[in-house]
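Please look over the structure below with these notes beside it. They are set out as numbered points.

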Amino acid sequence: MTTFLYMTQILSAVLLIILVLLHAPKGEGIASIGSASQLFSSQKSAEDGLNKVTYIVAGIFIVTTFILGFIIK
């Protein structure tokens, strides 16, 4: 059982890193001052789907972390 939880936690951690890196940056830093960059985004639905998957994977990671924490004590 603990082996399955460890593998699930490792897999969800790697997926979480990849999913966070796939997110588009929200701004361009100082270069966005005075311009309306990314005001109208055509990839809104793709970003929403990516957000949902990221929330699910983060939830799995948190749950496995708590379960492993209580099992190992």
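1. With which side chain does the side chain of Gln-9 make a polar contact? The partner is the side chain of Thr-65, at 2.8 Å, where a polar contact is a pair of N or O atoms within 3.5 Å, of which, within protein, one must be able to donate a hydrogen and the other to accept it, and residues adjacent in sequence count only if both atoms are side-chain atoms.

2. This is a predicted model, in which local features need pLDDT of at least 70 and side-chain atom pairs count only at pLDDT 80 or more, while totals for chains, interfaces and linings use all residues. Residues are numbered from 1 along each chain as its sequence is written, and side-chain values use heavy atoms, with hydrogens and water left out.

3. Leaving aside residues up to four places away in sequence, Gln-9 touches Phe-61, Thr-64, Thr-65 and Leu-68, a contact being heavy atoms within 4.5 Å. Gln-9 is also buried, with a relative accessible area of 17% (buried means under 20% relative accessible area, exposed over 50%, partly exposed in between, with a 1.4 Å probe and protein chains only).

4. Gln-9 belongs to helix 1, residues 2-22 (helices are DSSP runs of H or I, at least four residues, numbered from the N terminus). The buried residues of this helix are Leu-5, Gln-9, Ser-12, Leu-16 and Leu-19. Seen down the axis of helix 1, they fall within an arc of 100 degrees, so they line one face of the helix (the arc is that of the directions from the helix axis to the C-beta atoms). On the other side, exposed residues include Thr-3, Met-7 and Ile-10.

Terms used: Helix = DSSP H or I, 4+ residues; strand = E, 2+ residues; numbered from the N terminus.
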